[in-house]
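Thanks for asking me to look this one over.

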Amino acid sequence: MEKIEINKLFKDASMQLTLRRTTFDRLQIRPQVNYRGRTQDEVFFQKQDGAAVEFEVVRRMDFEPEGVFEITAVYTVRRTLADEYVGQDIDFREFLRTLTANDFNMLCGNVYSAMSLIIAQLTQASNGIPMISPPVYCGVAAKPAEAN
């Protein structure tokens, strides 16, 4: 598949962000345990309806070892195709596999900032300390190394 430039694929001014759901689970915090926070972003193609294309953007935050909290924020991003791409057969699932972190930021606009804000508000309401997650695409967290 020939790579299509994001800035040419969609119309500039037409992007809709919709918060679909959030989940926040407080977990036990064990004394004398060092927790390492993880942030994982994923983008999934949802559907194409004429010139409109919808993507689901998911941010998950948790800790290793398990504890403190687990939080997920899910948004729908709706974009309108540029006129020259309407009616073309574009495999958006494959298209997403070709994108870089900067491309995801262009594709999804300020959804990552919105997610960061929601997560900060939920964590601040829970324990008085807001957890600030990156306002940009973080990618998929690396899987832990396998034990030898």
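1. Start with Leu9, and look past its neighbours within four places in sequence: Leu9 is then in contact with Ile4, Leu81, Ala82, Tyr85, Ile90, Phe92 and Phe95. Please keep in mind as you read on that this is a predicted model.

2. Leu9 also belongs to the largest nonpolar core, which has 28 residues. Leu9 is listed there among the residues with the most contacts inside the core, together with Val43, Phe55, Phe92, Leu107 and Tyr112. Which elements give two or more residues to this core? They are the helices α1 (6-9), α2 (92-97), α3 (101-108) and α4 (111-127), along with the strands β2 (36-49), β3 (52-64) and β4 (69-81). Another core, of seven residues, lies apart from it, and Tyr35, Phe63, Phe69 and Ile119 are among its members.

3. Now for the aromatic rings. A search of the whole structure gives 10 aromatic pairs. One of them joins Phe10 and Phe55 edge-to-face, with 6.3 Å from centre to centre and 85 degrees between the planes. Phe10 sits in strand β1 (residues 10-26) and Phe55 in strand β3, so this pair ties together parts that are 45 residues apart in sequence. Are these two residues buried or exposed? Both Phe10 and Phe55 are buried. They also share one aromatic cluster with Phe45, Phe92 and Phe95.

4. A second pair to look at is Phe24 with Phe69. Their ring centres are 5.6 Å apart and their planes meet at 40 degrees, so the pair counts as tilted. This pair, too, links distant parts of the chain, with Phe24 in strand β1 and Phe69 in strand β4, 45 residues apart.

5. Glu54 deserves a look as a charged residue in strand β3. Its relative accessibility is 16%, so Glu54 counts as buried. What does the side chain of Glu54 make a polar contact with? The partner is the side chain of Arg78, at 2.8 Å. Leaving aside neighbours within four places in sequence, Glu54 is in contact with Phe44, Phe45, Gln46 and Lys47, and also with Thr76, Val77 and Arg78.

6. If you were wondering about disulfides, the count is zero. Cys108 is buried, because its relative accessibility is 0%. Cys138, at 31% relative accessibility, counts as partly exposed.

7. Last, a word on confidence. The protein averages a pLDDT of 90, and 94% of the residues score at least 70. Among the elements, β4 has the highest mean pLDDT (97) and α1 the lowest (91). Over residues 142-148 the pLDDT stays under 50, and the model has zero contacts beyond four places in sequence for them. Where pLDDT is low, the predicted coordinates should not be read in detail.

Notes: Residues numbered from 1 in each chain as written. Predicted model: local features only at pLDDT ≥ 70, side-chain atom pairs only at ≥ 80, totals over all residues. Heavy atoms only, no water. Disulfide = S-S within 2.5 Å. Buried < 20%, exposed > 50% of the residue type's maximum accessible area, 1.4 Å probe, protein only. Core = buried A, V, L, I, M, F, W, Y, C linked by side-chain atoms within 4.5 Å. Helix = DSSP H or I, 4+ residues; strand = E, 2+ residues; numbered from the N terminus. Contact = heavy atoms within 4.5 Å. pLDDT = per-residue confidence, 0-100. Polar contact = N/O pair within 3.5 Å; in protein donor to acceptor, adjacent residues only side chain to side chain. Phe/Tyr/Trp six-rings, centres within 6.5 Å; stacked < 30°, edge-to-face > 60°.
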